[in-house]
Amino acid sequence: MNFDAFLPAAIVLSSMIPGALIFFLKEESHRLRTVLNMTGALVKLVLVIWMIWGVYDGHSYETRLTLAPGIDLVLSADALSVLFVALSTLLWLVTTIYAIGYLEDSPNRSRFFGFFSLCVSATVGIALSGTLLTFVVFYEILTLATYPLVAHRGTPDAARGAKIYLAYTMGGGALLLVGAIWLQALVGPVEFTQGGILGNAPEEIRGTLVIIFFVLLGGLGVKAALVPLHGWLPQAMVAPAPVSALLHAVAVVKAGAFGIVRVVYDVYGVQFAHSNGLLFALGIIASITIIYGSLMALTQDSLKKRLAYSTVSQVSYIALGASIFGPIATIGGVVHLVHQGLMKITLFFCAGNYAEALGVHKVSEMDGVGKRMPGTSLAFTLGALGMIGIPPVAGFVSKWYLGLGAAEAGANWVLAVLVASSLLNAAYFLPILYKTWFRPTPTQWPAEHPHPGRLEIGGALLWPPLITAALALAAGLFAAAPFTPLEWASLIAEREYGR
Amino acid sequence: MITQFLYGGSGILLFLLGTWSFIVHPPLIRKLIAINVMGAGVFHTLVALAYRGLTAPADPVPHALVLTGIVVAVSATALALAFGQRLDRDHGSSADDD
Amino acid sequence: MTPAWAKVLIPIVLIAIGAVLVWAFSLAALEGGDRLALIALERVPESGVSNPITSVLLNFRAYDTLLEVAVLLTALLGIWSLGPAAPAFQPASPILGGMIAWVVPLLILSTGYMLWAGGHAPGGAFQAGALLGAAGVTLALGGDASAGLPGETRLRFLSVLGVLVFTAVGVILMALGYGFLTYPEGYAKWLIIFIETAATLSIGVTLAAAYLGGEPRDERTSRSAT
Amino acid sequence: MMIDLLALAVAFPLLGAVVVTATPSHARGLGLASAVLTTLTSLVLSLGVWRDGSVRSDFGGWGAPLGIGLQADGLSVAMLVMSNLVALAVSVYAGSYFSATARRHFWPLWLLLWSALNGLFLATDLFNLYVTLELLGLSAAALGALSGTRAAVAANLRYLLVGLLGSMTYLMGVALLYSRYGMLDIGLLAEVIEPGLVAWTAMALMFSGLFLKAALFPMHFWLPPAHANAPAPVSAALSALVVKAAFYLVLRLWLDLFDPVLNASVANVLGLLGAGAVIWGSWRALRAERLKLLAAYSTVAQMGYLFIAFPLLVATPPGLARDNLLAAVVLLAMTHGFAKAGFFLAAGLVQKTAGHDRINELGGAAQALPAATFAIGLAGVALIGLPPSGTFLAKWIMIEQAMIQGLWWWVVVIMLGTLLAAAYIFRVLGHAFNREPTPYRFVNDARTEIPALLLAFISAFVLGLIAQPLWTLLDQGVLG
């Protein structure tokens, strides 16, 4: 087997193998566990950089495993998958560092990190899936790997959250499975192809294809938290902070959104989806989700819940981008995949730090945290500003392209949605920032754990949000430089519309 | 031919009687007896099949099958009875209390 | 309890099945012809014994018979696993005891005859084994707690003897290049008698031990005290 | 010198049983040795079939129709490999599971059961199958009662009797076929059998007998108590292998013997019963209060999927699609074998640690035994049919085929069963996440936990991803 055919599999295995080994470690072997985790993360990073370079050069990587005649498991790299792979690999590295710090001295860490690694392997598998079948396989593995993470704390709340999470994702998985098989029964094995594969589907099956689209959307929409399938997301907040970070920024919701992008562009083809009204329907659902999520976020006092509803809203920008016909909106949607990830993971890291250091869980308790924890609060501020869409943070770039694309496509109502949502974003983030920086510090925090060092909190908890915040800032500031998410998204759009 | 028919027919009759008894009677010991009646029916039928008239020697294959079948049935019956005895001893009641 | 409708329905269904069975068997019997009879009878001289049924049992379909002896062993092992035996019977009165002393040797003698006769006339290992088992049962009824069976070690050995000899003969013949349970020409008769003898002993012992029930213990005498 | 692997696959466990019975004090060592030897024989035999095609061996040199022989083709070898690997794992586990006294009873009966299984998968003669079935039924019932509780003895007595009823019915069918066609060899019969009352009645008799043994709904009533009350390694073997053997026979007779007799209505009846099994079994598993009872009802449900395949098989015209479907059914049966055995073995460990197996009170035990809980989880993945298990691949193929044929009803049943399975499996797994901070090691007792874990792992990861060899194997004499 030559290396090109092995690289995609190697990227998946680089976290799966350490994950499997970690399960067997004794609880006390911190050092070995850390070594395994970091080795996996770094090896994956190196492999991914290699792959980015290759894909940029037009190289193709494909691992193909035949399960049965006509049923292949395919991992392959194209511009879109590489974008998602790079995002998850980078954020995994950061989150692993954060999680090691966050879970210091808590029980069952071997189990946690084992599933943590499997979760990332599944995400990377989703990113690299070359066929719909492969996508379904990793999509379900992701469900399985995240369930123990959500249930990890073992409190009754965690059990309930995990149960709800499972009920939603299993149902979604079943829908996706039925949709995928139905499609395969109709048109044969579905390989993701730029420009879609249904462009010249015979007229008489078009009606069925439209139905299948909505079945698939139902399956993907659960993870992407499209209204009304978003119910699990606020409940899953019971998980430890690194899990929430991973769920919201990288793995689960992104898998759903990524799937929607894949189905629209590489299965149905944007032309087909446009001419059959699928894009319009998707746009409506996405818009409703954006507005609804923001409205709900306004009413939450729990910081993590507010962030969760913000996720519901923000992830739908990706679907919105996919639903507007034209390359510019596509760039906006795809680039938001990365930007939202960077910003949201920052916010969750910070929320975790507040809870860990001060016991602050609610927005109403955040008076003056900026003075007590300036580093964390700086990162939080950058993330929040980005979410609102204030330049030069990355979120601005996404919204700019989305708006431009909508205007170009003549979809003025989308512009209205964007404006409304930005105002709402501001309405629920700015008060937090105000409290953080401008309100006096209370005499006593809810549950303070003083940190011995000279930093406000352990380095493993402080650096990750600072790094991701810096990245989010850089992605906005240097958006036009080579190898930025924006440039890469343009490459994707060019290839999707290119012919 | 009549002989063969009578033997075979009574075999089928026994088989059905056994089946009926197995279904209708809940006590396990009666079910065991029912199975032995069924077995007798099947073996009867097989023996009838072996008959090839008064002059020709009988077909030895069904005879051998029946012999094997009987031993198997005896073994199974013995084991089932031992099960029943064990239940009896545990509880002092009969094996059919359910 | 069986509901009333079932009491009516079950017989009706069974009668219908019976009608189909009679019809099917009649059709089959009429069209059946000679079946395997001619083929089997024709090959009997090659089988090493002259009784066609024994030919089928111990040569043509010997593998069936091997498994059948294994079934018997299974039943015995299952019975042993169910716990200790029931207490022994009261010792027989002197008159009955005297009769038993007559009957048992006779039964054992008939066992030997039955075994030998199987080669050319009705009889064979199972009939012989049954007689041997009957001897054991007779002893047990007369109050012998061990039914004349030996101690654990030898009892275990005897009970597996049939399967052991049968399988071992098969495997050795296979290793020698004849094929599993394929008797070489001229040896069939003696091999069959060898297997049958072992099987007879096993079957007799198994039946008697199954009748007693309970796992064998080395001190068989201690059981009669309980 | 000649090695007849077919004969040895039956003779080795038989000789093992003999030796173990004669020297009970060395039961474990000798038993394990026989287990390894038997497994190796079966694997070498399977490898040969995989490479060179099916083999047949006629005992006594008479050949059919007078003599009996054994035959190994792709289908039988697939089941043989699965059974022997599962049985080997069960043996290793049982070596540590049983007390010294129980061990003396377990090993000989277990090896007899094993030889019956191997004999059954390789048999070609209808009456020989009857004897094999009885050997299987007797040894299975005796093993099931080894836990010694009253409930176990009563349940297994019922199992024994129902099994006997099944065998007698089957034998009546065989008698009918013999009386019409004068042969017992499946291959020869297949050449002469023709549609009509005789063949139809014989098929009905034989299949009804086998359905009883396969616990096909609504004839499943005996299974849950018998499997739930047996000792864990025995439950594993009963659920994973013994009922599967009856299904194998139905499939074998269906494909090789009754093919010309069959029609869509028979297949639909089977499918309907299978659907009933899937729904009812899954529902009862969801409501079960005890872990092993849950697993037993899950077996009822999983057997149902296997029977749903029949209407799909009949509806699909011969060709690649039908071959795929057939392979999917075999894959489903194999995966369930590994998964259910792993599940039961792990459940046994949990039960031993907790002293009971009431699901709602299992939290602590589940957390103290990460490997066992993990095995339950992995086996659960395969039972639900999540990727990358073999079940997933098999269900994918079945659903696709049902959709192509427009048989939507079966899609609904399969998906419903899948969701119910997810519900009952995660009902168990939910208890594994507790607040008790158990400082744990992953593996506590390697000799019992590793077999369970390996079986579950194979079902969840190996069979689905490396299924290609199965297609190669089935090309030897089963696929068109």
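**View 1. The order of helices along chain C.** Read along its sequence, chain C of this predicted model follows the pattern α-α-α-α-α-α-α-α-α, and its secondary structure amounts to nine helices and zero strands; helices (H or I, at least four residues) and strands (E, at least two) are DSSP runs, numbered from the N terminus. The C-alpha trace of chain C spans about 65 × 60 × 35 Å along its principal axes. Chain C has a radius of gyration, taken over C-alpha atoms, of 22 Å, whereas a compact globule of 226 residues would have one near 17 Å, by a globule rule of 2.2 Å times the number of residues to the power 0.38. UniProt, in an unreviewed entry, lists residues 99-208 of chain C as "domain: Na+/H+ antiporter MnhB subunit-related protein"; UniProt positions are given in the numbering used here, feature names are shortened, and annotations may be inferred rather than shown by experiment. Over residues 99-208 of chain C the chain is 74% helix and 0% strand, with the end C-alpha atoms 19 Å apart.

Residues are numbered from 1 along each chain as its sequence is written, while chains are lettered from A and ligands numbered from 1 in the order in which they are written. As this is a predicted model, local features need pLDDT of at least 70 and side-chain atom pairs count only at pLDDT 80 or more, whereas totals for chains, interfaces and linings use all residues.

**View 2. The side of chain C that touches chain D.** Here 50 residues of chain C are in contact with 44 residues of chain D, two residues being in contact if their C-beta atoms, placed from the backbone, lie within 7 Å. At least two residues each are supplied to this side of chain C by helix 1 (4-32), helix 2 (37-43), helix 3 (52-60), helix 4 (62-80) and helix 7 (152-175) of chain C, and helix 4 of chain C gives the most, with 12 residues. By class, the side of chain C that touches chain D has 30 nonpolar, 12 polar and eight charged residues, where Ala, Val, Leu, Ile, Met, Phe, Trp, Tyr, Cys and Pro count as nonpolar, Asp, Glu, Lys and Arg as charged, and the others, Gly among them, as polar. Among the four pairs of chains that touch, chains C and D have the most contacts.

**View 3. The side of chain D that touches chain B.** In this view 22 residues of chain D are in contact with 28 residues of chain B. Helix 5 (126-144) and helix 6 (150-181) of chain D are the elements that give two or more residues to this side of chain D, and the largest share, 16 residues, comes from helix 6 of chain D. By class, the side of chain D that touches chain B has 17 nonpolar, two polar and three charged residues.

View 4. An unreviewed UniProt entry lists residues 6-25, 32-51 and 63-83 of chain B under "transmembrane region". Residues 6-25 of chain B are 95% helix and 0% strand, and the end C-alpha atoms of this span lie 28 Å apart. Residues 63-83 of chain B are 100% helix and 0% strand, with end C-alpha atoms 30 Å apart.

View 5. No contact joins chain A and chain B, whose closest C-alpha atoms lie 39 Å apart. Chain A and chain C likewise do not touch, and their nearest C-alpha atoms are 38 Å apart.
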